[in-house]
Amino acid sequence: MLQRHTLGSIPPKPHTTHYVDGKLMMEQCMTREGFDGPFSILYFKVPPTDECATEPASIAGYCPVEAVKEQPVHRRHVRTQDLKGGGDFLHARRTLLINDDIHIGVAKVTEAARDFFSNGDGDECFFAYDCSGKVESIYGWLPFRKYDYVIVPHGTPYRIHLEGNTGTLLYFEGRPELGIPRNFRNAYGQLTMFAPYSHRDFRMPQELLEFDRGLHGDPPYRLVVKRGDQMTVHLFDHFPHEVVGWDGFVYPMAFNILDYQPKTGQIHLPPTSHITFAGKGFVVCSFVPRMVDYHEKSIPCPYGHASVDCDEILYYVEGNFTSRKGIESQSISLHPMGIPHGPHPGTYEKSVGTKRTDELAVMCDTFKPLRLTTVADGIEDKDYHLTWAKGQMAK
Ligand SMILES: [Fe+2]
């Protein structure tokens with residue numbers, strides 16, 4: 001939702017005839033916030049409204065999602081490296097943390113993409129932990145690479161093809177939205193020079209999706225729709241996702257975390273100075289390799305804090321995590337609101353005098369408490385919260 005983008009053929013004016021090869025194309029307006037928000041207008045070869053049957057669907061660990069019944073308030077460590085893989089980009093999803101505003105999970109993909117999927121509950125943001133691939137959607141093909149964030153607007157029929165059909169995706173479902181914070185834009189919608197990225201850093205679909213029997217197979221064509229945390233399969237006699245052209249402000253886009261321009265201060269800046277995306281009730285932040293605080297007496301390690309109105313999760317990707325021990329790549333820590341947290345013993349002192357950090361991590365702060373799901377409960381390091389105490393250092 002950065003700027004108007006267009007692909008393929010569209011008529012000079014919206015809501016007018018558009019004939020291709022003598023056939024009237026079916027216009028579909030993809031609108032947000034009723035008809036007041038950003039929108040795109042697409043021209044379908046076959047109406048996307050003519051499903052011939054529907055049937056219910058579910059994916060254990062994803063939809064419906066189940067929160068643990070009792071969750072004591074203390075620091076948590078969810079070891080997603082221990083998560084069992086299985087399935088394509090949709091069926092491999094395992095949601096780990098939830099509240100009304102956001103669902104957070106991991107997909108360990110092991111199979112080629114099958115059904116198209118449309119998430120009606122929220123915009124999705126994937127972080128490609130170790131993989132590259134392509135998003136195939138009604139807006140066309142969007143290639144992505146390792147360490148990309150990929151945002152897919154809610155209501156978009158799409159699939160994700162991973163290179164080699166394998167890889168790990170961290171995902172956020174912003175309910176209903178997730179995108180670029182308003183304060184990174186000027187009054188004209190352009191990203192300001194103070195934003196941590198520029199328009200040049202974002203990639204959009206460049207090639208339209210065309211029906212290919214070898215790729216898409218024979219009917220019925222299946223579209224899995226999620227809305228209200230229920231899934232329904234829509235079955236079509238005709239391939240329903242072929243678009244001859246579109247324009248607008250709504251489309252998937254990709255952004256690499258290493259293109260994020262971090263801010264560094266003379267003394268330590270708060271973690272939310274690394275905001276990348278935001279939605280209702282949450283922010284997503286990127287910690288990337290950077291120079292650290294340069295005051296002669298600065299302590300580059302994050303200070304202890306009790307951010308009393310936020311739950312904070314951190315997904316560790318790569319590098320030295322200056323403030324934590326016992327945490328490994330793919331770990332998710334959850335530091336809940338209302339209690340203090342800070343660096344592990346020893347890391348605070350050790351950071352004095354360091355000049356740069358190579359850490360790579362994705363953070364999410366939420367204003368409503370996050371609940372662990374039953375899947376997260378099964379891969380939790382249950383003693384993590386005790387590892388701050390002397391003599392009980394992390395494993
Ligand atoms: Fe924190």
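## Burial and overall shape

A residue is buried when its relative accessible area is under 20%, exposed when over 50%, and partly exposed in between (1.4 Å probe, protein chains only). By that rule, 54% of the 395 residues in the chain are buried. This is a predicted model: local features need pLDDT of at least 70, side-chain atom pairs count only at pLDDT 80 or more, and totals for chains, interfaces and linings use all residues. Residues are numbered from 1 along each chain as its sequence is written, and side-chain values use heavy atoms, leaving out hydrogens and water.

The C-alpha trace spans about 75 × 45 × 35 Å along its principal axes.

## Iron site

Three protein residues donate to the iron ion: His-305 (NE2), Glu-312 (OE) and His-341 (NE2), at 1.9 to 2.2 Å. Donors are N, O and S atoms within 2.8 Å of the metal (3.2 Å for Na, K and Ca); water is not among the atoms, so sites may look incomplete. Along the chain, the donor spacing reads H-x6-E-x28-H. Glu-312 is buried, at 8% relative accessibility.

## Nonpolar cores

A nonpolar core is a set of buried Ala, Val, Leu, Ile, Met, Phe, Trp, Tyr and Cys residues joined through side-chain atoms within 4.5 Å. The largest has 68 residues, and Phe-172 and Phe-277 make the most contacts inside it. A second, separate core of 28 residues includes Ile-59, Val-109, Ala-113 and Tyr-171.

Contact means heavy atoms within 4.5 Å. Beyond four places in sequence, the contacts of Phe-172 include Ile-102, Ile-104, Leu-178, Val-284 and Ile-313.

Ser-40 sits in strand β5 (residues 39-44). Its relative accessible area is 0%, so Ser-40 is buried. A polar atom of the Ser-40 side chain lies 2.7 Å from the backbone oxygen of Val-250. The backbone nitrogen of Phe-249 lies 3.4 Å from a polar atom of that side chain. Ser-40 also contacts residues including Gln-28, Tyr-139 and Trp-246, leaving aside neighbours within four places in sequence.

Trp-141 lies in strand β13 (residues 140-144). Trp-141 is buried, at 15% relative accessible area. Trp-141 and Met-204 are 63 residues apart in sequence, yet their C-alpha atoms are 8.6 Å apart.

Terms used
Helix = DSSP H or I, 4+ residues; strand = E, 2+ residues; numbered from the N terminus. Polar contact = N/O pair within 3.5 Å; in protein donor to acceptor, adjacent residues only side chain to side chain.
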